[in-house]
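Here are a few exercises to work through with the model open on your screen. Try each task before you read its solution.

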Amino acid sequence: METAEMKIIAHIESGYKDKFGIPRQSGMVNKTLSRIVFEKEYRNEAAFKGLEGFSHIWVVWQFSEALRENWSPTVRPPRLGGNKKVGVFATRSPFRPNSIGLSSVKLEKIQFTKENGPVLIISGADMLDGTPIFDVKPYLKFTDSHPDAISGYADEYKDYRLEVEIPQEIASKLEPDVLEATIEMLSLDPRPSYQNDEERVYGVTFYGQEIKFTVSGKTLKVLDIANL
């Protein structure tokens with residue numbers, strides 16, 4: 001049976017310029033706004049008619065930085081410390097037979113622009129800046145939400161957060177909304193889960209800023225924030 005070719009219809013513009021620091025799931029960092037900019041072929045306003053009535057959307061996208069010819073039946077989820085294997089189909093790992101991601105995000109608004117046509121302003125994205133997007137679909141709360149669902153090993157880590165400490169002289173470098181988003185992102189612990197060196201200085205890029213920090217126990221302390 002022949003399969004249809006997947007077409008890239010858009011790309012995302014986000015504050016995540018490298019893989020380090022991207023939330024491990026969509027909807028975990030909601031203070032950060034991103035933009036979905038469509039390719040010229042798909043900027044027909046008629047294609048977006050009715051979408052404004054939905055508060056959330058599904059985004060189907062490609063793990064463009066995780067493309068590989070081979071795949072493994074088992075992976076090591078970060079939240080399990082990177083030392084326990086589970087089946088790839090029991091994870092949301094990017095290293096899959098097909099490098100396709102699925103994210104549920106909030107649709108803040110549809111912005112009609114002269115340069116790029118309809119642009120979707122979203123929050124809660126977990127995608128690298130420039131990520132190719134295959135499709136956008138409306139989220140339906142009466143079928144897509146299952147409050148009583150069981151999430152396996154992921155339930156154990158769903159409330160995991162770090163306390164973030166940023167000295168006032170460093171925090172004052174950021175606009176209030178960017179500061180709020182930065183704290184939310186850092187609280188999720190952007191370190192690789194197999195690293196737990198309290199003396200190590202880590203770095204993460206976020207919204208054009210390079211953030212240096214250390215982690216001791218459950219506390220993340222920001223040492224410096226500098227423009228790139």
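Leucine 120 is buried, at 0% relative accessibility; buried means under 20% relative accessible area, exposed over 50%, and partly exposed in between, with a 1.4 Å probe and protein chains only. Before you start, keep in mind that this is a predicted model, where local features need pLDDT of at least 70, side-chain atom pairs count only at pLDDT 80 or more, and totals for chains, interfaces and linings use all residues. Residues are numbered from 1 along each chain as its sequence is written, and side-chain values use heavy atoms, with hydrogens and water left out.

**Exercise 1. Find the surroundings of leucine 120.**

Step 1: Leucine 120 sits in strand 7 (residues 117-123). Strands (E, at least two residues) and helices (H or I, at least four) are DSSP runs, numbered from the N terminus.

Step 2: list what touches it. Contact means heavy atoms within 4.5 Å. Leaving aside neighbours within four places in sequence, leucine 120 is in contact with Ser34, Arg35, Ile36, Phe38, Phe48, Leu51, Ile57, Leu107, Lys109, Ile110 and Val136.

Step 3: check a C-alpha distance. Glutamate 108 is 12 residues from leucine 120 in sequence, and the two are 7.7 Å apart in space, C-alpha to C-alpha.

**Exercise 2. Work out how strand 6 pairs with strand 7.**

Step 1: get the pairing. Two strands pair if DSSP finds at least two bridges between them. Strand 6 (residues 100-113) and strand 7 pair in the antiparallel sense over 7 bridges.

Step 2: look at the link. A hairpin of 3 residues joins strand 6 to strand 7, and phenylalanine 112 stands opposite proline 118 in strand 7.

Step 3: turn to another partner of strand 6. Strand 3 pairs with strand 6 in the antiparallel sense, over 7 bridges, with isoleucine 57 opposite valine 105 in strand 6.

**Exercise 3. How many aromatic pairs does the structure hold, and what does the pair of phenylalanine 38 and phenylalanine 48 look like?**

Step 1: count. The structure holds 7 aromatic pairs. Rings of Phe, Tyr and Trp (its six-membered ring) pair if their centres lie within 6.5 Å; planes under 30 degrees apart count as stacked, over 60 as edge-to-face and the rest as tilted.

Step 2: take the phenylalanines. Phenylalanine 38 and phenylalanine 48 form an edge-to-face pair, with 4.9 Å centre to centre and 85° between the planes. The pair links distant parts of the chain, 10 residues apart: phenylalanine 38 is in strand 2 (residues 33-38), and phenylalanine 48 is in the loop between strand 2 and strand 3 (56-62). Phenylalanine 38 is buried at a relative accessible area of 4%, and phenylalanine 48 is buried too, at 6%.

Step 3: go on to another pair. Tyrosine 202 and phenylalanine 213 are stacked, at 5.6 Å centre to centre with 20° between the planes. Tyrosine 202 lies in strand 10 (residues 202-206) and phenylalanine 213 in strand 11 (residues 209-216), so the pair ties together parts that are 11 residues apart in sequence. Tyrosine 202 is buried at 3% relative accessibility, and phenylalanine 213 at 0%.
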